[in-house]
Amino acid sequence: MGAHEPFRIPPEQLNRTCTGEEELSFCQTSLDVPPLEGVIGQDRAVRAMQFGLDMSAQGYNLFVVGPPGTGKSTYVQNLITHVAAQKAVPKDWCYIHNFTNPDSPQAVTLPAGQGRLFQQDMLELADDLRLSVPKSFEGSAYEVQKDSIVQEVQRQMQEALQAVEQAARDASFVLKQVPGKFLFVPYKENKSLSSEEYGQLPEQERRAYEERGRLLEKKLEEVLHTGRQLEKQAKERIVELEKQITRVAAEPLIRRLTEKYGAYEKIVHYLNDVLADVESNHELFKHDEAAREQPVTPFAAPAGEEDDFARYRVNLFVNHENTNGAPVVAEPFPNYYSLFGKIEYKSHVMTLSTNFTMAKAGAMHLANGGYLILQAKDALIEPFVWETLKRVLKYRSIAVENIGEQYRYVPFATMRMEPIPLDLKVILIGTPIWFYILSQDEDFQKLFKVKVDFDVTMQRSRDNLCKYTSFISSICRGEGLLPFSQDGLARVVEHGSRLAGSQKKLSTRFNEVREVVYEANALAVKDQAGIVSERHVDQAVQERRYRNNRIEEKIQEMILEGKILVDTSGAVIGQINGLSVIQLGGYMFGQPARITAVTYLGKGGVINIERETELSGQIHSKGVLTLSGYLGARFAQDFPLSLTAQITFEQNYEGVDGDSASCAELYAILSSLADVPILQSQAVTGSVDQLGRVQPVGGVTEKVEGFFDICKAKGLDGSQGVIIPARNKDSLMLKRELVEAVRDGQFNLYAVHTVEEGIELLTGMPAGQKDAYGQYPPETVFGRVSQKLQRYQEKLTALNRQNLERNDA
């Protein structure tokens, strides 16, 4: 084993222990550090966030991107709340009736808090009008003037009728009134003539009567027409009288509001329209009491203030009377109506009705003048939300419109609310996949110009360690948890490095760190301890693993029972232990897998069985194709590569991806070609390029621990170990049990830079280097591979020659 020593990784490099004397010397417990202010390890995100908030130009909305658990939502909420508190409170928005176009309510704006006063003033005005206007008609002056108009018309009509009666008498007729009409009856010698008597008159006399009757009827018609005109004029005079009385009663009340809101031209114009409308609809006020006293039938349309007087009410659409600074709205359920508002309807006997007072604001209206925080996934999934959001941001105005109005086949009358100018920052929060999806949208690039990118790791520096412990201190103080001891803090830091997959970094997935803090505290409380120590943190981490590793244990059980074939001793040609990682939910673990390779004469090159059966991912297929480049560059410089090599993951039925097994696959092919057995006590992970350089891979810690657990269960004998890329040494954050096994010589870890180093460790035979003639020494791995490939080529050449001779014959 002496040849292995240059590649052996010492126990001290298998993880990075956090020592109180060196890294946490600034505190003894979490009580010694102040609570955290701001966010840790996100300098790029903080600068981008500040830049985006400072930019007032159109389109500089923000997209906060980062994996789940990095604390981006909490940071955004806290920062925006702090920034908004320094801003001015935006104005209130109200909707009022449009007397010129009732289907298009008008939007008016007032300083914060004034909207409520305006609404109350209009309610009081309506109540005052309903009291004062009817009372103005109760005095005797109104009745006297009204009776005077009526009596004057009656007098004029009476005089006109009397003139007609006199003309009738002069013409020997009597004017009689019957139901519904007037009749002229001829008379003679002071006696009315009956029909028989009239018929017995001489024809000339009858004609004279008829001629005089026609003249009288014409005169009567003129009098009646004049009477109708007089009656119409009388009604108009009465209406004008009532309007005048109404105006006298209403004008002082409305003038008081006109003076109060004189600085707002739109409201002054609205109040003038109210006065004109009250004057025109004086009957509504006169009969208000009578209408309210009428019994309500089950199928009668609803009446009263809700309908008749709604035009005088104010819809306080956005109210900022209790807002401090700019509004911050984090909408948890961003559907169309919750974001963009809605117009509600009342149902009555299978009919729907609405008015402008039933328009309700959405989150966009409430956040106007401030900040709106949304989850990108919700905004994209909910119907109509994304397209509508882009439209209102693009045109910087928002109107209330119910879903589907623009898609109806048959349009019908509805309200068209006046749009409100929009001035706000929208902050979308999402994972990288949502950002990349939206990046394909041209409008997204124009409207969300600021990317706030949250990283999942940060440097394990002293400054960041101070902030890490401050984060833990904030949790303990904010949630009323027990304080953490120095060694307890150290264990949390080590767990942070394990989550980051690096000895030089710490994880910024603070949700997972927070959960460990909560669970360690619960265990300490259960032990009735006064402080959370390293024992509680270690136990919390172990318990978390136990709750999630059922599948891992089942796989290990099948390996130990021999149902999944993995050897940890002996040596086999063309067979090697590869390592893979499996992620189920939030839990990731390593699993050893048997990889085999067979080689034979042919022209097929390297055949990936997983690819042929469509079980190989693109990255894995790329890694296998890289092996052909390596073999050709290494062994086919003087003669063609006449080889067929088949490689596969044995007992793999679900697929494989990634190139971290390419080193192991290459070692298996070289073993098969060289007829040199590979030690089954070793497992391998690592990627390889075409020049034979071993490249780093992910999940090294989990892979090593996965093979260690199998070896431990089968029995450690000091020969087992794992070969990893040398560039992955600082990625190791192995559990203490494994580190102690390495320290005691029961387990080994090796780091290699090249394929040659790895094959020597696996076979115990030198890889071999070319001599001055370009040949590999015969008793080396590469020498044996080169000899077999040359034999393959010679046999293939001979077979081709025989086939040609047979064809010629």
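This is a predicted model: local features need pLDDT of at least 70, side-chain atom pairs count only at pLDDT 80 or more; totals for chains, interfaces and linings use all residues.
## Helices α4 and α6

Helix α4 covers residues 140–170 and helix α6 covers residues 203–260, and their axes come within 10 Å while crossing at roughly 175 degrees. Because angles over 145 degrees count as roughly antiparallel, α4 and α6 are described as roughly antiparallel to each other. Sorted by class, the residues in the contact of α4 with α6 comprise 19 nonpolar, three polar and six charged ones.

Helix α17 runs over residues 462–479, and at 1.5 Å a residue its 18 residues should span 26 Å, which agrees with the 26 Å between its end C-alpha atoms. Just after α17 comes glycine 480, which takes a positive phi of about 70 degrees.

Which residues of α17 are buried? They are Asn464, Leu465, Tyr468, Thr469, Ser470, Phe471, Ile472, Ser473, Ile475 and Cys476. The elements that cover these buried residues include the strands β17 (457–459) and β18 (505–507), together with the helices α18 (486–500) and α19. As a general point, an α-helix has 3.6 residues a turn, so residues three or four places apart point the same way.

## Helices α19 and α20

Helix α19, which is among the elements covering the buried residues of α17, also has a contact with helix α20. The axes of α19 (residues 510–526) and α20 (residues 534–548) come within 8 Å and cross at roughly 115 degrees. That angle makes α19 roughly perpendicular to α20, and the crossing of the two helices is right-handed.

On the α19 side, the contact involves Glu515, Val516, Glu519, Ala520, Leu523 and Ala524, which meet His536, Val537, Gln539, Ala540, Val541, Arg544 and Arg547 on the α20 side. By class, seven nonpolar, two polar and four charged residues make up this contact of α19 with α20.

## Helices α23 and α24

For helix α23 (residues 618–635) and helix α24 (residues 662–674), the axes come within 10 Å and cross at roughly 45 degrees. How is α23 placed relative to α24 at this angle? The angle makes α23 oblique to α24, and the crossing of α23 and α24 is right-handed.

From α23, the residues that make the contact are His620, Gly623, Val624, Leu627, Tyr630, Leu631 and Phe635, while α24 contributes Ser662, Glu665, Leu666, Ile669 and Leu670. By class, the contact of α23 with α24 has eight nonpolar residues, three polar ones and one charged one.

Technical notes
Residues are numbered from 1 along each chain as its sequence is written. Side-chain values use heavy atoms; hydrogens and water are left out. Axes are lines fitted to C-alpha atoms, for helices over the stretch in contact, and angles run from 0 to 180 degrees between N-to-C directions. Helices (H or I, at least four residues) and strands (E, at least two) are DSSP runs, numbered from the N terminus. Angles under 35 degrees count as roughly parallel, over 145 as roughly antiparallel, 65 to 115 as roughly perpendicular and the rest as oblique. A crossing is left-handed if the near helix is turned anticlockwise from the far one by less than a right angle, and right-handed if clockwise. Contact means heavy atoms within 4.5 Å. Ala, Val, Leu, Ile, Met, Phe, Trp, Tyr, Cys and Pro count as nonpolar, Asp, Glu, Lys and Arg as charged, and the others, Gly among them, as polar. The expected span of a helix is 1.5 Å times one less than its number of residues. Buried means under 20% relative accessible area, exposed over 50%, partly exposed in between (1.4 Å probe, protein chains only).
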